[in-house]
2 protein chains.
Amino acid sequence: MEIREKPIGIFDSGIGGLTVAKEIMNLMPHENIVYFGDTARVPYGSKSKELITRFAREAASFLMKQDVKMIVIACNTVSATCLEELREMLPVPVVGVIEPGARAAVKATKNGMIGVIGTERTVKSGAYEKAIRMLSGTVKIFSKACPLFVPLVEEGWLDNNVAYFAAKVYLEPLKEEGIDTLVLGCTHYPLLKPMLKRIMGDGVVLVDSARETAAEVAQILSERSLKRTGTGPSCYRFFVSDNPEKFIEVGERFLQRSIDLISVVNPELR
Amino acid sequence: MEIREKPIGIFDSGIGGLTVAKEIMNLMPHENIVYFGDTARVPYGSKSKELITRFAREAASFLMKQDVKMIVIACNTVSATCLEELREMLPVPVVGVIEPGARAAVKATKNGMIGVIGTERTVKSGAYEKAIRMLSGTVKIFSKACPLFVPLVEEGWLDNNVAYFAAKVYLEPLKEEGIDTLVLGCTHYPLLKPMLKRIMGDGVVLVDSARETAAEVAQILSERSLKRTGTGPSCYRFFVSDNPEKFIEVGERFLQRSIDLISVVNPELR
């Protein structure tokens, strides 16, 4: 098969990366996609660097066996933990979600005060700080881990009392600092946008890495002449390591389209 | 080594089983303990039956290599999913947390209306219903999955607004049914007891499986002449599959004592 006809591989610890998949589908409707969600070992956010790196290597090897032309790490935790290791290991372009998010944040801020929210691991890694610092020496960055947000989204509690008070606890300190830009540094968080918007107010721009990452994918495909030229209908295949029923149920809400081709795989064994 | 001098093995998907370990330490201060928490793959509660059974077999094999005289499955999800498989597989007595909890609930109820809360998997399994039915044909059982409770406990939010409103959403329907007994069917939940008590009111008994399970362990050791006779200081060893720092930090809060001997292991490789 000609390389440009091959699918884009997308990897996430579970279901959250579908927000990135959705933006890629919208922006590049002719591309084929293979998505792998490591639902047997989700969540990654509270795990160690060593373990996340091992999981990510296994997932990347699995996607390479699916003959992908590019790999998108649609998971902030993995992007923050071992993007460079994956780039060194893989023979195809690798795109993470941190750099696109950082670029968008620096572009958006007017007062130079940027907030970053994410999982424990993402925040601890300091990856957004580093990526933002590379682009601007003058902005101030305020980070906050929000460990309850992923379970809230998975429960489908996007705007009830529980979600609201949790968001208040996490976001009030950032609001008090006077940030004008907030990076949603986890692929689950875009589903909480309306509520986060209400808490932060109109003066604060919410940066959603999913959209920025899709734009970066389009640019790389174009620069490297990797855009699919076939005009037949695109094909979306999904692989998970456990519980396909729940992936379909929650995933269709994320994707706003139906999930038809799904299989269960064990990435450890490949 | 004489068999009665060997340690008790305790297994949990992560940190929650320490509530059971603590009760065993209090009730049987001379026993040695080996605890394994599968922190690399926690949480189990939303995973499939097949995957949980595989993880549990790996953990049990690991504990057998530590030369234990008995295995306590200090995890409701595992007890609800594959206790029988483990009993068939293992050459030592195996105690789960469901049967002791069910017995205590049947003993406690006066109006025959029992509520059960737990993870998605535990509730879906119907294990408490089955265990309670074995003891009483007349009680009515009302179950409710509370997926937010584990992350709340891990975040240390035991009695703030967020925990309170989450508990309200989950428990109001049970309260309206008129239950007089509520089984805390997850080893994390005892830490939420004061708040759950406030919501349910004085008329409702909260059944904490940890205490009941420790009593059952004591009884089995005694019946089978497996009680340790040595009077030297008891030794507590902890194994986790990831992130020992977090285990120590949160675990000492659960255990109300310090965690000194801890190692990281990969149960897949054993």
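Student: How is chain A divided into domains?
Tutor: The domain assignment of chain A gives domain 1 (3-96 + 211-264) and domain 2 (98-209); such bounds come from an automatic or database domain assignment. Before we go on: this is a predicted model, where local features need pLDDT of at least 70 and side-chain atom pairs count only at pLDDT 80 or more, while totals for chains, interfaces and linings use all residues. Residues are numbered from 1 along each chain as its sequence is written, chains are lettered from A and ligands numbered from 1 in the order in which they are written, and side-chain values use heavy atoms, with hydrogens and water left out.

Student: Ok. What separates the centres of domain 1 and domain 2 of chain A, in Å?
Tutor: Taken over C-alpha atoms, the centres of domain 1 of chain A and domain 2 of chain A are 22 Å apart. The contact (heavy atoms within 4.5 Å) takes 28 residues from domain 1 of chain A and 24 residues from domain 2 of chain A.

Student: And how much area is buried between domain 1 and domain 2 of chain A?
Tutor: About 2000 Å², with carbon and sulfur atoms giving 51% of it. Buried area is the accessible area (1.4 Å probe) that two parts lose on being put together, summed over both. On the domain 1 side of chain A, A:Asn76, A:Ala80 and A:Glu212 lose the most area to domain 2 of chain A, together 27% of what that side buries.

Student: How many salt bridges are there between domain 1 and domain 2 of chain A?
Tutor: The count between these domains of chain A is 3 salt bridges, meaning a side-chain nitrogen of Lys or Arg within 4 Å of a carboxyl oxygen of Asp or Glu. Elsewhere you can look up A:Arg103 and A:Glu216, whose side chains meet in a salt bridge at 2.1 Å, N to O.

Student: Which helix of chain A gives the largest share of the domain 1 side that touches domain 2?
Tutor: Helix 3 of chain A does, with 7 residues. Helices here are DSSP runs (H or I, at least four residues), strands are too (E, at least two), and both are numbered from the N terminus.

Student: Switching topic: which residues of helix 4 of chain A are buried?
Tutor: In helix 4 (residues 98-108) of chain A they are A:Ile98, A:Pro100, A:Gly101, A:Ala102, A:Ala104 and A:Ala105. Buried means under 20% relative accessible area, exposed over 50%, and partly exposed in between (1.4 Å probe, protein chains only). What covers those residues of chain A includes helix 3, strand 5 (113-118) and helix 10.

Student: Now the two chains. How many residues does each of chain B and chain A put into the contact?
Tutor: The contact takes 29 residues from chain B and 29 residues from chain A. Chain B and chain A bury about 2300 Å² between them, 58% of it on carbon and sulfur atoms.

Student: How many salt bridges cross the interface of chain B and chain A?
Tutor: The rule finds 2 salt bridges across the interface of chain B and chain A. Have a look also at A:Glu120 and B:Lys246, which meet through their side chains in a salt bridge of 3.7 Å, N to O.

Student: Last one: where is B:Arg198 found?
Tutor: B:Arg198 is found in helix 9 (residues 193-200) of chain B, and at 51% relative accessibility B:Arg198 counts as exposed. Leaving aside neighbours within four places in sequence, B:Arg198 is in contact with B:Asp159 and B:Tyr164.
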